[in-house]
Amino acid sequence: MKILHVITLAELGGAQSVLLNLVKESVRAGDEVMVASSSNGELWNILPREVQKAKIPSLKRKISLYHDLKVIYELRHVNRAYKPDVIHLHSSKIGILGRIAFPARKIIYTIHGFDSIRLAFRKFLYLERLLQFRSRYIVGVSNYDLKNMVEEGIRHHVSCIYNGISDSYGKFPEPQTDSFTRIKTKILAEQSFRVLCIARLSPPKNFRLFCQVAEEMKSYPVHFFWIGNKQEVPDTPANVHCLGQVEDAHLLLKYADLFMLPTNFEGMPISIIEALCYSVPVTASNVGGISEMLNGQNGMALENTVEAFVFAIRHYMNDPNALESAKANARATYEQHFTVKSMFSAYQELYHSIAPENLNGTTVKLPEPEDTI
């Protein structure tokens, strides 16, 4: 089977991690795989060597009629040259351009967080409704997203497939790079309760709340670490450490007592799944599909207030038994719901229903929504 994955940006993020995991599993399964995305980004450096690459210079996050028309032309050229059996679109912008460029019967479109459209860029919601018939399947990454898609009139062959990641816990050596060693040293230098966040400093992430919580807890033996900022961040509280970017940042989770993700909207965050995989309890904003991941036993989905986060962090700091129990439950949640095997199996069923040998006018039974974890 020939599978073409297309994503807007080649920068590393949650959607790119899902794409990478699917690509690796497809390669192992013997599929021929190509990835198309923007010209620059770390994703190109970590794709398996067997994967073909299509870099599209005109593809950018910013909307531009001139550049976006060029993208459609270039995508059509990729389709003619590569002749994929399945085209898997990731992220909202390429979800629009790709459904215009490619044959609808071949397309699976994964919306990695419907609130990015429903709330942040609602003016494009009419395009989502209009183009819903220009794909074979539309996939949400949480039952929250699936419910909201249906309520917003997007009902054509929609389903929910949870994100999943490979089990990295204790299986990979730490990189011996200067950047990784530098960040690890800074984390270990603070002999206190360690709260870690791995995220880009992008508008959806609530870095301001992160700092407010740290400021409120400045008299406690706790330090807050943020990994993912591209630039220096001035004027942070003394117990906040912005450590920059590093490859394989998830390997640093083993040094955290608690993971924290303050955010304004999300789908099914890969960073939370990584924390669960490493047996790190999570405190995160109760938005998107996060309440489907955190059940009070493996962490807490919280209101976006300083008081809520301070209460949760103090709870785990002051009760070692609760912390140890949450660690065990975090790992169990990952094993039961968020493995790459379960994610790929669900997508593979969709892939095989689209591939030429199965194009008989039938449609697979879409995965049933799961109960909240």
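A residue counts as buried when its relative accessible area is under 20%. Ser279 has a relative accessibility of 15%, so this serine is buried. The model is a predicted one. Ser279 sits in the loop that joins α10 (270-277) to β12 (282-285), and its phi is near 60°, a positive value in a residue other than glycine.

Ser91 also has a positive phi, near 90°, and is likewise not a glycine. Ser91 is placed in the loop between β4 (86-90) and α4 (92-101). Its relative accessibility is 17%, so Ser91 counts as buried.

## The open sheet

Six strands make up an open sheet with parallel pairing, in the order β10-β9-β8-β11-β12-β13. The edges are taken by β10 (240-244) and β13 (299-302); each has a single partner strand, so one side of each has no neighbour in the sheet. On average, and with direction ignored, neighbouring strands of this sheet are turned by 20° against each other.

Strand β9 (residues 222-227) runs parallel to β10 and is joined to it by four bridges. Trp226 is found opposite Cys242 in β10. Helix α8 (residues 178-189) lies across β8 (193-198), β9 and β10. The angle between α8 and β10 is about 165°.

## Aromatic rings

Seven aromatic pairs are present in the structure. In one of them, Phe207 and Phe210, the ring centres are 6.1 Å apart and the planes stand at 20°, so the pair is stacked. Planes under 30 degrees apart count as stacked. Both residues belong to helix α9 (residues 207-216); because they are three residues apart there, about one helical turn separates Phe207 from Phe210.

Phe207 is buried at 15% relative accessibility, and Phe210 is buried with a relative accessible area of 0%. Ring pairs connect Phe207 and Phe210 with Phe224 and Trp226 in a cluster. Elsewhere, Lys2 lies over the face of Tyr82, 4.6 Å from the ring centre.

## Cysteines

How many disulfides does a search of the whole structure find? The count is zero. A disulfide is a covalent bond between the sulfur atoms of two cysteines. For Cys160, the closest cysteine sulfur is that of Cys277, at 20 Å, which is too far for a bond. The cut-off for a disulfide is a sulfur pair within 2.5 Å. Cys277 is in no disulfide either, and the cysteine sulfur nearest to its own, in Cys197, is 17 Å away.

Cys160 is buried, with a relative accessible area of 7%. Cys277 is also buried, and its relative accessible area is 0%.

Where does Glu174 lie? Glu174 is in the loop between β7 (158-160) and α8. Its relative accessible area is 17%, so Glu174 is buried.

Leaving aside residues up to four places away in sequence, Glu174 touches Phe180, Lys184, Leu251, Lys254 and Tyr255.

Conventions:
Residues numbered from 1 in each chain as written. Predicted model: local features only at pLDDT ≥ 70, side-chain atom pairs only at ≥ 80, totals over all residues. Heavy atoms only, no water. Pairing = 2+ DSSP bridges. Helix = DSSP H or I, 4+ residues; strand = E, 2+ residues; numbered from the N terminus. Axes fitted to C-alpha atoms, helices over the stretch in contact; angles between N-to-C directions. Contact = heavy atoms within 4.5 Å. Phe/Tyr/Trp six-rings, centres within 6.5 Å; stacked < 30°, edge-to-face > 60°. Buried < 20%, exposed > 50% of the residue type's maximum accessible area, 1.4 Å probe, protein only. Lys NZ or Arg CZ within 6 Å of the ring centre and 35° of its normal.
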